[in-house]
2 protein chains.
Amino acid sequence: MAKKREKVDKLTTDAYKGVRDFYPEEQAFLNYLFATMRGVAKHFGYEEYHASILEPAELYKAKGAENEEIVREQTYTFIDRGGREVTLRPEMTPTLARMVARKRREMGFPLRWYSIPNVFRYERPQRGRLREHWQFNADIFGSPSPVADAEIMLLAHSLMRAFGATDEDFIIKLGSRNFLDSIVEELDLSPQHAKALRHLLDRKNKITRQEFTREVEELGIAVETLSPKKVPSDVAEILALLKYLGVSNAQFDPAIVRGFDYYSGVVFEVFDTHPENRRAMFGGGRYDNLTALFDAEELPAVGFAAGDVTFKDFLSVRGLLPEYLPNAKVYIAIARADFASEAMRLAGELRKNNVSTAVDFGDKKLSEQIKAAVRHGIPYLIVFGEDELVSQSLRVKDLASGKETVLARGELSSFFTTL
Amino acid sequence: MAKKREKVDKLTTDAYKGVRDFYPEEQAFLNYLFATMRGVAKHFGYEEYHASILEPAELYKAKGAENEEIVREQTYTFIDRGGREVTLRPEMTPTLARMVARKRREMGFPLRWYSIPNVFRYERPQRGRLREHWQFNADIFGSPSPVADAEIMLLAHSLMRAFGATDEDFIIKLGSRNFLDSIVEELDLSPQHAKALRHLLDRKNKITRQEFTREVEELGIAVETLSPKKVPSDVAEILALLKYLGVSNAQFDPAIVRGFDYYSGVVFEVFDTHPENRRAMFGGGRYDNLTALFDAEELPAVGFAAGDVTFKDFLSVRGLLPEYLPNAKVYIAIARADFASEAMRLAGELRKNNVSTAVDFGDKKLSEQIKAAVRHGIPYLIVFGEDELVSQSLRVKDLASGKETVLARGELSSFFTTL
């Protein structure tokens with residue numbers, strides 16, 4: 001009986017505004033990215049954690065009035081059917097602090113944790129920015145030591161190197177919240193002026209030196225006060241440690257202040273040095289007070305987060321993107337549809353010996369089947385026909401070179417595994 | 001300058017209702033689950049795809065009135081700031097159909113794809129059911145052949161075997177939408193009776209045989225019509241193929257009908273046979289019409305989806321859960337805080353030789369540092385002190401056995417890599 005179907009308008013195949021579909025080649029890149037991140041994190045003994053993207057909205061409101069505005073205007077926040085206000089996490093750090101605060105009494109410190117969550121921001125569509133991206137997060141909880149800050153930056157450095165970058169390809173710029181606070185205190189700046197100074201520093205690398213000098217002086221501050229030559233002591237100590245550990249591409253930059261309210265010490269950003277992509281890729285820093293949102297005790301913490309898109313841009317301009325390889329090594333095409341079950345058996349023998357194999361079901365003629373194998377980028381083809389069924393001898397074709405090799409069925413697996 | 005912080009109520013550390021936090025041991029299990037799934041999918045030549053959890057709500061409404069109710073009552077659906085109605089995907093198949101329909105002209109068929117998405121359902125909290133879980137999806141597009149159905153079931157079978165299950169641990173039960181339709185047609189059942197019959201079949205394995213017989217007869221149907229001995233021809237053909245391919249634990253069960261509207265042919269479910277966990281674990285089937293929602297042409301498809309929770313239960317009752325191993329192999333504790341940078345250098349040497357190493361920053365006394373290493377479950381400990389700095393000879397302690405080995409610094413990496 002044919003099913004009745006209501007006449008409906010055809011649906012669009014577009015993804016939701018501002019998010020991405022990951023077709024196999026794009027997903028293969030993400031998998032490469034994640035595997036490299038996991039490899040580096042594991043080397044440093046970081047444990048992986050994860051959480052739902054759904055969080056109570058209060059988690060993001062608690063950090064003060066400025067954040068409430070962000071929750072209202074820049075996050076996905078909605079009321080669920082139970083009347084709870086829910087937010088799709090815009091970043092991982094509050095979730096991390098919540099999870100650590102929850103089980104801190106059972107944990108060993110220093111705690112080294114990493115995660116690769118997707119995070120959501122409500123961005124205006126016209127800006128062309130993504131509403132969802134993936135982000136590597138690495139954090140240390142429980143140590144106030146500058147060595148912990150140095151390790152986090154060393155981890156960021158190792159991550160860049162693991163992707164094939166040299167020390168000339170990027171630079172780690174360190175700033176200090178304490179440095180900014182000390183200027184504010186020393187010059188007795190009003191809260192408005194202090195805020196203006198922070199915003200001005202944040203814009204420093206985007207405006208000309210003349211503009212910067214003029215605006216600094218408008219705030220009644222001598223521009224020398226903000227010279228990168230006057231390295232604050234907390235930054236100097238970490239720079240010395242990094243140098244001792246072999247990191248040569250780190251330096252002080254007073255313009256590094258970072259956006260989030262919760263930073264409380266040294267902060268840093270990794271910059272791409274490529275002329276076509278000269279910009280901050282990612283960053284982080286010390287935040288010692290965040291767990292205090294949940295209970296009385298504060299727990300020192302330092303960490304960073306790095307997104308998938310900036311990495312792709314970085315690797316792309318340098319030709320460091322990996323080549324896409326399909327999961328199947330061998331494709332078995334069949335001369336007649338009723339050879340499918342025998343071809344499936346042959347595939348089973350190959351799989352048993354760890355050779356990834358896909359089979360055609362014979363719905364189309366042979367030339368179309370071979371075209372499908374080529375479209376998928378599968379390197380080897382076997383055509384299964386009358387002769388193959390009888391003789392138990394098979395012809396393997398290298399689809400790139402066209403070269404053919406005739407093999408007995410029993411020799412087939414070892415041919416592929418010893419390639 | 002100390003930062004001012006508004007006095008705020010302390011936040012709860014609870015996760016949002018119905019979702020889970022994944023602490024390292026739980027995440028390690030997920031990683032094992034996903035790696036095993038990926039391994040099997042790769043063996044069969046399936047390519048991985050992915051998409052955002054955000055989808056236009058229309059994607060789930062289009063399948064008819066019944067689905068509109070599901071969208072309204074059982075999904076997370078909200079209006080974004082641009083006035084778009086958005087749904088957190090409750091399943092992956094509509095997204096998959098959308099992605100395939102979008103690029104079908106560039107694709108080679110048969111197309112074998114898999115994904116491991118998280119999916120969301122709005123469940124009433126009192127039922128204690130999860131609102132988010134992870135789900136392995138595998139699908140073939142472009143073949144109407146029963147061999148494709150057989151391959152999907154063989155893939156499900158291989159997945160179970162890859163987790164360590166034997167053929168006695170589970171059973172694959174096949175049903176048929178055509179079989180159900182033919183009964184409805186033959187007996188000329190009204191739409192109400194047809195629906196009642198489907199719901200009754202769906203409940204068959206949850207009620208007694210007497211209850212089932214009575215309710216079938218109330219619908220005016222002889223219970224023999226639904227006998228598992230009358231195997232429909234489409235099911236019989238697939239069962240014969242599976243047998244030929246070495247799958248011995250598959251059988252016909254007229255009660256297998258599956259919930260979703262889009263199924264159009266043979267459907268199946270994998271059942272756990274363990275007395276404490278006897279229930280359907282996961283399932284799938286043929287759905288040949290779904291891409292027609294997007295454009296005129298229909299594309300035959302067959303697939304299945306399997307969730308993380310049922311797998312965990314299955315492995316748990318059989319003692320098949322893998323042991324948790326921390327990412328760090330070696331922990332370096334330090335006798336004095338100012339040895340931290342030297343300990344970091346030693347860790348760098350070990351990491352260069354692929355030995356995962358974590359370092360203590362020396363914020364606490366030595367005995368506390370060693371306790372932290374034990375809490376993390378790290379197998380080896382090195383205490384770095386005055387002697388180690390001078391002599392360049394190091395004592396490695398196996399924390400499980402207590403056994404100590406003294407090694408020259410240069411021998412250290414090879415000690416761990418040859419373990």
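Student: What makes strand S17 and strand S18 of chain B a pair?

Tutor: Two strands pair if DSSP finds at least two bridges between them, and strands are DSSP runs of E with at least two residues, while helices are runs of H or I with at least four, all numbered from the N terminus. Three bridges join S17(B), residues 380–384, to S18(B), residues 393–398, so the two strands meet the definition of a pair; they run antiparallel, and Ile382(B) has Val396(B) as its bridge partner in S18(B). This is a predicted model, in which local features need pLDDT of at least 70 and side-chain atom pairs count only at pLDDT 80 or more, whereas totals for chains, interfaces and linings use all residues. Residues are numbered from 1 along each chain as its sequence is written, and chains are lettered from A and ligands numbered from 1 in the order in which they are written.

Student: Why are S16 and S19 of chain B said to stand at the edges?

Tutor: The open sheet has five strands in the order S16-S15-S17-S18-S19 (chain B), with mixed pairing. Strand S16 (357–359) and strand S19 (404–408) each have a single partner strand, so one side of each is left without a neighbour in the sheet.
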